[in-house]
Amino acid sequence: MTVSRVINDSELVRPATRERVRAAIDSLGYRPNTAARALVTGRTGTLGVVTMDSTLYGPASTLYGIECAAREAGFAITVSSVSKPDGASIAEAVESLQRQAVEGIVVIAPHVATAEALKFAPQGIPLVAVGGAPPPIPAISVDQYDGARLATEHLLSFGHKTVWHVSGPSDWLDASERERGWRETLKAHGVRPPRLAKGDWSPLSGYEAGKSLAKEAGLGAVFVANDQMALGLLRAFAEAGISVPGDVQVVGFDDVPEAEFFNPPLTTVRQDFNEVGRRTFGLLSEQMNGGQPGSEQIAATLIVRQSTQPG
(Lines give C-alpha, C1' and ligand atoms only; values in the text may rest on other atoms or scores of the structure.)
Protein backbone atom coordinates (compact mmCIF):
# COMPACT_ATOMS: atom_id res chain seq x y z
CA MET A 1 0.00 0.00 0.00
CA THR A 2 2.85 2.40 0.82
CA VAL A 3 4.54 1.73 -2.52
CA SER A 4 1.22 2.29 -4.31
CA ARG A 5 0.75 5.60 -2.53
CA VAL A 6 4.24 6.77 -3.52
CA ILE A 7 3.72 5.80 -7.18
CA ASN A 8 0.40 7.64 -7.24
CA ASP A 9 1.82 10.75 -5.50
CA SER A 10 -0.39 10.42 -2.44
CA GLU A 11 0.15 12.96 0.33
CA LEU A 12 -0.33 10.24 2.98
CA VAL A 13 3.34 9.19 2.93
CA ARG A 14 6.02 10.78 5.08
CA PRO A 15 8.88 12.43 3.12
CA ALA A 16 11.52 10.08 4.57
CA THR A 17 9.49 7.02 3.67
CA ARG A 18 8.81 8.40 0.20
CA GLU A 19 12.53 8.86 -0.44
CA ARG A 20 13.32 5.28 0.70
CA VAL A 21 10.63 3.85 -1.56
CA ARG A 22 11.80 5.87 -4.56
CA ALA A 23 15.38 4.77 -3.94
CA ALA A 24 14.23 1.14 -3.94
CA ILE A 25 12.25 1.69 -7.15
CA ASP A 26 15.31 3.17 -8.85
CA SER A 27 17.67 0.43 -7.69
CA LEU A 28 15.29 -2.35 -8.79
CA GLY A 29 14.38 -0.70 -12.09
CA TYR A 30 10.69 -1.14 -11.30
CA ARG A 31 8.09 0.11 -13.78
CA PRO A 32 4.33 0.07 -13.10
CA ASN A 33 2.41 -2.54 -15.11
CA THR A 34 -0.06 -0.44 -17.07
CA ALA A 35 -2.06 -3.48 -18.19
CA ALA A 36 -2.56 -4.64 -14.63
CA ARG A 37 -3.44 -1.12 -13.52
CA ALA A 38 -6.03 -0.86 -16.30
CA LEU A 39 -7.71 -4.07 -15.09
CA VAL A 40 -8.07 -2.62 -11.60
CA THR A 41 -8.98 0.99 -12.42
CA GLY A 42 -10.73 0.56 -15.76
CA ARG A 43 -8.46 3.30 -17.18
CA THR A 44 -5.58 2.75 -19.60
CA GLY A 45 -4.00 6.22 -19.54
CA THR A 46 -3.90 6.09 -23.34
CA LEU A 47 -5.46 8.39 -25.92
CA GLY A 48 -5.89 7.69 -29.62
CA VAL A 49 -5.18 10.07 -32.50
CA VAL A 50 -6.41 9.56 -36.04
CA THR A 51 -4.39 11.50 -38.58
CA MET A 52 -3.76 11.55 -42.29
CA ASP A 53 -0.62 9.86 -43.52
CA SER A 54 1.08 13.16 -44.27
CA THR A 55 4.40 14.90 -43.73
CA LEU A 56 2.84 18.34 -44.17
CA TYR A 57 3.84 20.85 -41.52
CA GLY A 58 0.31 21.58 -40.26
CA PRO A 59 -0.91 18.03 -39.52
CA ALA A 60 2.49 16.93 -38.21
CA SER A 61 2.76 19.94 -35.87
CA THR A 62 -0.81 19.44 -34.69
CA LEU A 63 -0.03 15.83 -33.77
CA TYR A 64 3.11 16.89 -31.90
CA GLY A 65 1.22 19.59 -29.97
CA ILE A 66 -1.43 17.07 -28.89
CA GLU A 67 1.20 14.55 -27.87
CA CYS A 68 3.04 17.12 -25.72
CA ALA A 69 -0.16 18.19 -23.96
CA ALA A 70 -1.18 14.59 -23.32
CA ARG A 71 2.25 13.63 -22.00
CA GLU A 72 2.23 16.51 -19.53
CA ALA A 73 -1.05 15.15 -18.15
CA GLY A 74 0.35 11.61 -17.84
CA PHE A 75 -1.26 10.10 -20.93
CA ALA A 76 0.36 8.07 -23.69
CA ILE A 77 -0.65 8.46 -27.34
CA THR A 78 -1.50 5.78 -29.88
CA VAL A 79 -1.60 7.01 -33.48
CA SER A 80 -3.63 5.51 -36.30
CA SER A 81 -2.74 6.97 -39.71
CA VAL A 82 -5.02 6.83 -42.74
CA SER A 83 -3.87 7.19 -46.34
CA LYS A 84 -7.31 8.33 -47.56
CA PRO A 85 -9.57 10.71 -45.63
CA ASP A 86 -12.76 8.85 -46.53
CA GLY A 87 -15.51 7.53 -44.26
CA ALA A 88 -14.42 3.90 -44.39
CA SER A 89 -10.80 4.68 -43.49
CA ILE A 90 -11.76 6.97 -40.60
CA ALA A 91 -14.26 4.43 -39.24
CA GLU A 92 -11.66 1.66 -39.42
CA ALA A 93 -9.05 3.81 -37.64
CA VAL A 94 -11.48 4.77 -34.86
CA GLU A 95 -12.56 1.15 -34.38
CA SER A 96 -8.92 0.04 -34.22
CA LEU A 97 -8.24 2.55 -31.45
CA GLN A 98 -11.34 1.49 -29.54
CA ARG A 99 -10.10 -2.11 -29.59
CA GLN A 100 -6.96 -0.84 -27.86
CA ALA A 101 -9.15 0.55 -25.05
CA VAL A 102 -8.12 4.18 -25.47
CA GLU A 103 -9.93 6.57 -23.14
CA GLY A 104 -10.57 9.20 -25.79
CA ILE A 105 -9.90 9.91 -29.45
CA VAL A 106 -8.71 12.98 -31.37
CA VAL A 107 -9.29 13.12 -35.12
CA ILE A 108 -7.08 15.56 -37.01
CA ALA A 109 -9.60 16.53 -39.67
CA PRO A 110 -8.38 19.29 -42.00
CA HIS A 111 -9.97 17.55 -44.98
CA VAL A 112 -13.56 17.95 -46.20
CA ALA A 113 -14.05 14.17 -46.48
CA THR A 114 -12.71 13.60 -42.95
CA ALA A 115 -15.08 16.12 -41.41
CA GLU A 116 -17.96 14.56 -43.38
CA ALA A 117 -17.02 11.08 -42.14
CA LEU A 118 -17.32 12.24 -38.54
CA LYS A 119 -21.08 12.44 -39.00
CA PHE A 120 -20.98 8.69 -38.51
CA ALA A 121 -18.53 8.66 -35.60
CA PRO A 122 -19.34 6.09 -32.88
CA GLN A 123 -21.19 7.17 -29.78
CA GLY A 124 -20.04 6.43 -26.28
CA ILE A 125 -16.37 7.43 -26.48
CA PRO A 126 -15.00 10.95 -25.93
CA LEU A 127 -13.99 12.41 -29.29
CA VAL A 128 -12.61 15.78 -30.39
CA ALA A 129 -11.80 16.92 -33.93
CA VAL A 130 -9.03 19.30 -34.94
CA GLY A 131 -9.95 21.31 -38.01
CA GLY A 132 -13.67 20.80 -38.34
CA ALA A 133 -16.53 18.49 -37.39
CA PRO A 134 -20.32 18.40 -37.50
CA PRO A 135 -22.14 19.15 -34.23
CA PRO A 136 -22.30 17.88 -31.58
CA ILE A 137 -18.65 16.77 -31.91
CA PRO A 138 -16.48 19.49 -30.35
CA ALA A 139 -13.76 20.84 -32.62
CA ILE A 140 -10.63 22.95 -32.20
CA SER A 141 -9.49 25.08 -35.13
CA VAL A 142 -7.22 28.00 -35.90
CA ASP A 143 -9.12 30.91 -37.45
CA GLN A 144 -7.96 30.40 -41.01
CA TYR A 145 -10.36 33.00 -42.38
CA ASP A 146 -9.03 35.74 -40.11
CA GLY A 147 -5.45 34.73 -40.81
CA ALA A 148 -6.11 35.24 -44.51
CA ARG A 149 -7.76 38.56 -43.76
CA LEU A 150 -4.69 39.71 -41.84
CA ALA A 151 -2.40 38.71 -44.70
CA THR A 152 -4.53 40.38 -47.38
CA GLU A 153 -5.06 43.62 -45.48
CA HIS A 154 -1.35 43.78 -44.69
CA LEU A 155 -0.57 43.68 -48.42
CA LEU A 156 -3.32 46.16 -49.30
CA SER A 157 -1.90 48.57 -46.71
CA PHE A 158 1.07 49.20 -49.02
CA GLY A 159 -1.27 50.68 -51.63
CA HIS A 160 -1.52 47.71 -53.99
CA LYS A 161 -4.54 47.75 -56.29
CA THR A 162 -5.11 44.05 -55.69
CA VAL A 163 -3.63 40.94 -54.06
CA TRP A 164 -3.13 37.68 -55.95
CA HIS A 165 -3.56 34.35 -54.21
CA VAL A 166 -1.97 30.91 -54.56
CA SER A 167 -4.48 28.56 -52.95
CA GLY A 168 -4.14 25.10 -51.47
CA PRO A 169 -6.23 22.09 -52.59
CA SER A 170 -9.94 22.94 -52.57
CA ASP A 171 -10.84 19.73 -50.69
CA TRP A 172 -8.91 20.92 -47.63
CA LEU A 173 -10.90 22.94 -45.10
CA ASP A 174 -7.94 25.19 -44.29
CA ALA A 175 -7.36 26.02 -47.95
CA SER A 176 -11.02 26.85 -48.50
CA GLU A 177 -11.15 29.15 -45.48
CA ARG A 178 -7.93 30.94 -46.46
CA GLU A 179 -9.25 31.49 -49.97
CA ARG A 180 -12.58 32.74 -48.59
CA GLY A 181 -10.81 35.15 -46.24
CA TRP A 182 -8.70 36.52 -49.10
CA ARG A 183 -11.63 36.86 -51.48
CA GLU A 184 -14.03 38.51 -49.01
CA THR A 185 -11.36 40.89 -47.71
CA LEU A 186 -10.69 42.15 -51.23
CA LYS A 187 -14.41 42.61 -51.84
CA ALA A 188 -14.76 44.51 -48.55
CA HIS A 189 -12.13 46.94 -49.88
CA GLY A 190 -13.95 47.32 -53.17
CA VAL A 191 -11.44 45.19 -55.06
CA ARG A 192 -12.46 42.51 -57.55
CA PRO A 193 -10.42 39.36 -56.84
CA PRO A 194 -8.05 38.42 -59.69
CA ARG A 195 -7.80 34.90 -61.07
CA LEU A 196 -6.83 32.21 -58.59
CA ALA A 197 -3.55 30.34 -58.90
CA LYS A 198 -4.03 26.81 -57.55
CA GLY A 199 -1.44 24.71 -55.73
CA ASP A 200 -1.26 21.46 -53.79
CA TRP A 201 0.78 22.61 -50.74
CA SER A 202 4.10 21.56 -52.32
CA PRO A 203 7.03 23.87 -53.20
CA LEU A 204 6.80 22.57 -56.79
CA SER A 205 3.21 23.77 -57.15
CA GLY A 206 4.23 27.14 -55.71
CA TYR A 207 7.07 27.29 -58.24
CA GLU A 208 4.69 26.58 -61.13
CA ALA A 209 2.22 29.18 -59.81
CA GLY A 210 5.07 31.67 -59.51
CA LYS A 211 6.13 31.14 -63.13
CA SER A 212 2.54 31.77 -64.21
CA LEU A 213 2.07 34.86 -62.04
CA ALA A 214 5.39 36.32 -63.18
CA LYS A 215 3.75 36.92 -66.58
CA GLU A 216 0.95 39.07 -65.10
CA ALA A 217 1.19 42.80 -65.78
CA GLY A 218 1.03 44.98 -62.70
CA LEU A 219 1.75 42.15 -60.26
CA GLY A 220 2.57 43.70 -56.89
CA ALA A 221 1.36 41.49 -54.02
CA VAL A 222 0.80 37.76 -53.52
CA PHE A 223 -0.73 35.89 -50.59
CA VAL A 224 0.34 32.22 -50.68
CA ALA A 225 -1.72 29.65 -48.76
CA ASN A 226 1.30 27.99 -47.13
CA ASP A 227 5.00 28.62 -46.65
CA GLN A 228 6.19 25.64 -48.72
CA MET A 229 4.40 26.96 -51.80
CA ALA A 230 5.77 30.44 -51.01
CA LEU A 231 9.28 28.97 -51.12
CA GLY A 232 8.69 27.68 -54.66
CA LEU A 233 7.11 30.98 -55.67
CA LEU A 234 10.15 32.95 -54.44
CA ARG A 235 12.44 30.80 -56.59
CA ALA A 236 10.24 31.29 -59.66
CA PHE A 237 10.26 35.06 -59.13
CA ALA A 238 14.04 35.10 -58.70
CA GLU A 239 14.48 33.20 -61.97
CA ALA A 240 12.15 35.68 -63.70
CA GLY A 241 14.15 38.64 -62.40
CA ILE A 242 11.38 39.76 -60.06
CA SER A 243 12.67 41.26 -56.82
CA VAL A 244 10.92 40.48 -53.51
CA PRO A 245 9.98 42.81 -51.90
CA GLY A 246 11.21 45.42 -54.38
CA ASP A 247 8.86 44.45 -57.22
CA VAL A 248 6.41 42.10 -55.51
CA GLN A 249 5.56 41.60 -51.84
CA VAL A 250 4.77 38.09 -50.61
CA VAL A 251 2.99 36.66 -47.54
CA GLY A 252 2.82 32.95 -46.65
CA PHE A 253 0.90 30.96 -44.06
CA ASP A 254 1.96 28.61 -41.18
CA ASP A 255 5.29 30.15 -40.11
CA VAL A 256 7.35 27.01 -40.59
CA PRO A 257 10.68 27.09 -38.69
CA GLU A 258 12.55 27.77 -41.94
CA ALA A 259 10.42 30.79 -42.91
CA GLU A 260 12.72 33.35 -41.30
CA PHE A 261 15.65 31.90 -43.29
CA PHE A 262 14.01 32.15 -46.73
CA ASN A 263 15.52 34.68 -49.13
CA PRO A 264 14.10 37.12 -48.24
CA PRO A 265 12.80 36.11 -44.77
CA LEU A 266 9.10 35.43 -45.23
CA THR A 267 6.22 37.42 -43.78
CA THR A 268 3.66 34.79 -42.83
CA VAL A 269 0.67 33.90 -40.66
CA ARG A 270 1.54 31.86 -37.58
CA GLN A 271 -0.60 29.06 -36.16
CA ASP A 272 0.05 28.22 -32.50
CA PHE A 273 0.11 24.41 -32.62
CA ASN A 274 1.13 24.12 -28.96
CA GLU A 275 -2.05 25.96 -28.03
CA VAL A 276 -4.03 23.75 -30.41
CA GLY A 277 -2.68 20.69 -28.59
CA ARG A 278 -3.36 22.11 -25.14
CA ARG A 279 -6.92 23.14 -25.96
CA THR A 280 -7.62 19.86 -27.75
CA PHE A 281 -6.56 17.87 -24.72
CA GLY A 282 -8.61 20.18 -22.53
CA LEU A 283 -11.80 19.46 -24.50
CA LEU A 284 -11.09 15.74 -24.51
CA SER A 285 -10.39 15.71 -20.78
CA GLU A 286 -13.63 17.56 -20.14
CA GLN A 287 -15.53 14.91 -22.09
CA MET A 288 -13.77 12.07 -20.27
CA ASN A 289 -14.94 13.62 -17.01
CA GLY A 290 -18.56 13.71 -18.15
CA GLY A 291 -18.75 17.22 -19.61
CA GLN A 292 -20.14 18.33 -22.96
CA PRO A 293 -17.76 21.03 -24.26
CA GLY A 294 -18.40 23.14 -27.34
CA SER A 295 -16.09 23.98 -30.21
CA GLU A 296 -13.30 26.55 -29.87
CA GLN A 297 -11.29 28.69 -32.26
CA ILE A 298 -7.73 29.97 -31.84
CA ALA A 299 -6.54 33.27 -33.31
CA ALA A 300 -3.85 33.38 -36.00
CA THR A 301 -0.99 35.91 -35.83
CA LEU A 302 0.69 37.87 -38.61
CA ILE A 303 4.51 37.70 -38.44
CA VAL A 304 6.07 40.52 -40.48
CA ARG A 305 9.48 39.96 -42.06
CA GLN A 306 11.44 41.30 -45.02
CA SER A 307 9.28 39.87 -47.84
CA THR A 308 6.84 42.71 -47.26
CA GLN A 309 9.15 45.54 -46.32
CA PRO A 310 8.17 48.87 -47.93
CA GLY A 311 9.67 48.94 -51.41
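Helices (H or I, at least four residues) and strands (E, at least two) are DSSP runs, numbered from the N terminus. This is a predicted model, in which local features need pLDDT of at least 70, side-chain atom pairs count only at pLDDT 80 or more, and totals for chains, interfaces and linings use all residues. Residues are numbered from 1 along each chain as its sequence is written, and side-chain values use heavy atoms, with hydrogens and water left out.

**View 1. Four strands line up in an open, parallel sheet.** Let us start with the sheet, where 4 strands follow the order β7-β6-β8-β9 with parallel pairing; two strands count as paired if DSSP finds at least two bridges between them. β7 (197-198) and β9 (249-251) stand at the edges with a single partner strand each, so one side of each has no neighbour in the sheet. Look for β8 (residues 221-224), which is joined to β9 over 3 bridges in the parallel sense. Here Phe223 stands opposite Val251 in β9.

**View 2. Two helices lie across the strands.** Helix α7 (residues 144-156) lies across β8 and β9, at about 170 degrees to β8. Helix α9 (residues 203-213) lies across β6 (164-167), β7 and β8, and runs at about 155 degrees to β6. For these angles, axes are lines fitted to C-alpha atoms, for helices over the stretch in contact (heavy atoms within 4.5 Å); angles run from 0 to 180 degrees between N-to-C directions.

View 3. A salt bridge is a side-chain nitrogen of Lys or Arg within 4 Å of a carboxyl oxygen of Asp or Glu, and the count comes to 18. In one of them, the side chains of Asp254 and Arg178 meet at 3.7 Å, N to O. Asp254 sits in the loop between β9 and β10 (268-270) and Arg178 in helix α8 (residues 173-188), 76 residues apart. Asp254 is buried at 6% relative accessible area, and Arg178 is buried at 2%; buried means under 20%, exposed over 50%, and partly exposed in between (1.4 Å probe, protein chains only).

View 4. Glu179 and Arg183 pair here, their closest N and O atoms 2.8 Å apart. The two are 4 residues apart in helix α8, so about one helical turn separates them. Glu179 is buried at 18% relative accessibility, whereas Arg183 is partly exposed at 26%.

**View 5. Another salt bridge connects two loops.** The side chains of Arg195 and Glu216 meet at 2.9 Å, N to O. Arg195 belongs to the loop between α8 and β7, and Glu216 to the loop between α9 and β8, 21 residues apart.
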